[in-house]
Amino acid sequence: MTLGSSASPRVRRNRMIAAVIGMVLVAAAVVWAIVALTPSSGSANPTATPSQTPTATPRPAPTATSTPTPVDTFDKAAHSIDDPNSIWVVVDKLRPLNPADFEPADLVVVPVAHTWEPLMRAEAADAVVKMFRAASDEAGLSLASNSAYRSYEAQERVYDNDDELTARPGFSEHQTGLTMDIGPASGNCALAVCFADTPEGQWLRDNAYRFGFLLRYPADKVAVTGYQFEPWHFRYIGTDLSHEMREQGVTTLEEFFGLPAAPDYA
């Protein structure tokens, strides 16, 4: 065969086979590259943290908070309960005045309607005047004094040996100059238990504390005070103490100050 002649069939076949093989190799290379660059669905992402179901961190049970105990800020030692000059002095069948013939130094005439001219300590007298005026202005009621300060000697004359109705000399609140027996100016039910059912008695029961007075011998506290119910007997203790007792619902000085009940003389 000369140089210018066409290739023999054998040569052409070999060339065709070589071309096919080349094409297969190129296709294989392309497929390998694609496979190499495409992440397998079963392979792990080298930068990703495997997904896990979060586990709840147990929290400690909340600690129960107890209700704060109210702190009593009232100063029960602000005034003496022993000194007869103190507006808080406690006088009962176990606690006589000391000295027994004590007489207040600041007694004044109380300018209110009365059966007998009343004397009281100045502070208590001023409070009585305000209370009587309020009863008139607020409720149209007219009050009167039936008895106020009584000396040791006067109590000797009043005492009738009935220890549930009258105090022995030296044991009477009237001797402190801080107490008044109050009734209606009309005299209706004066110094009688029925005074509790009158408009005047009911007004005093509900309002006396506003002016510093205490209904000293309540009906349900005979075993504590030692005296029968006296809805007319009001003792001046000052507004601080009267409001505190009202707020606490305590109705006797013995109970408020933690003193023994005094149903009888020692």
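The model is predicted. The chain holds 7 helices and 6 strands, and buried residues account for 39% of its 266 residues. One disulfide is counted, and the largest pocket has a volume of about 580 Å³.

**Fold**

- Read from the N terminus, the elements follow the order α-β-β-α-β-α-β-α-β-α-β-α-α.
- Among contacts in the chain with a separation of 6 or more, 67% are between residues 24 or more positions apart.

**Nonpolar core**

- The largest nonpolar core has 46 residues, and M120, F213, L241 and F257 touch the most other members.
- Two or more residues of this core come from each of α2 (122–139), β4 (179–184), α4, β5, β6 (233–236), α6 and α7 (253–256).
- The largest share of the core is the 9 residues given by α2.
- F213 is one of the residues that touch the most other core members. Apart from neighbours within four places in sequence, F213 is in contact with M120, A124, A127, V128, M131, L178, A208, F234, R235, Y236 and S242.

**Largest pocket**

- The volume of the largest pocket is about 580 Å³.
- Its lining has 29 residues, and those nearest the centre of the largest pocket are S147, R150, V158, H174 and D181.
- At least two lining residues of the largest pocket come from each of β3 (143–147) and α3 (152–158). The largest share, 3 residues, is that of α3.
- By class, 15 residues of the lining of the largest pocket are nonpolar, 8 are polar and 6 are charged.

**Second largest pocket**

- The second largest pocket holds about 290 Å³ of space.
- Of the 16 residues that line the second largest pocket, R205, L214, L215, R246 and T251 lie nearest its centre.
- The elements that each supply at least two residues to the lining of the second largest pocket are α4 (199–207), β5 (213–215) and α6 (239–248).
- The lining of the second largest pocket is made up of 11 nonpolar, 3 polar and 2 charged residues.

**Disulfide**

- C189 and C194 form a disulfide, with 2.0 Å between their sulfur atoms. The pair qualifies because the cut-off for a disulfide is 2.5 Å between cysteine sulfur atoms.
- The link of C189 and C194 is left-handed, with -120° about the S-S bond.

**Loop residue D197**

- D197 sits in the loop between β4 and α4.
- D197 has a relative accessible area of 61%, so D197 is exposed; the threshold for that class is over 50%.
- In sequence D197 and P231 are 34 residues apart, and in space their C-alpha atoms are 9.3 Å apart.

Definitions and conventions
Residues are numbered from 1 along each chain as its sequence is written. This is a predicted model: local features need pLDDT of at least 70, side-chain atom pairs count only at pLDDT 80 or more; totals for chains, interfaces and linings use all residues. Side-chain values use heavy atoms; hydrogens and water are left out. On a 1 Å grid over the protein atoms alone, a cavity is a set of points where a 1.4 Å probe fits but cannot get out, and a pocket is an open set with protein on both sides within 12 Å along at least five of seven lines; lining residues have an atom within 4 Å of a point. Grid points are joined across faces, edges and corners, and a volume is the space filled by probe spheres set on the points. Helices (H or I, at least four residues) and strands (E, at least two) are DSSP runs, numbered from the N terminus. Ala, Val, Leu, Ile, Met, Phe, Trp, Tyr, Cys and Pro count as nonpolar, Asp, Glu, Lys and Arg as charged, and the others, Gly among them, as polar. A nonpolar core is a set of buried Ala, Val, Leu, Ile, Met, Phe, Trp, Tyr and Cys residues joined through side-chain atoms within 4.5 Å. Buried means under 20% relative accessible area, exposed over 50%, partly exposed in between (1.4 Å probe, protein chains only). Contact means heavy atoms within 4.5 Å.
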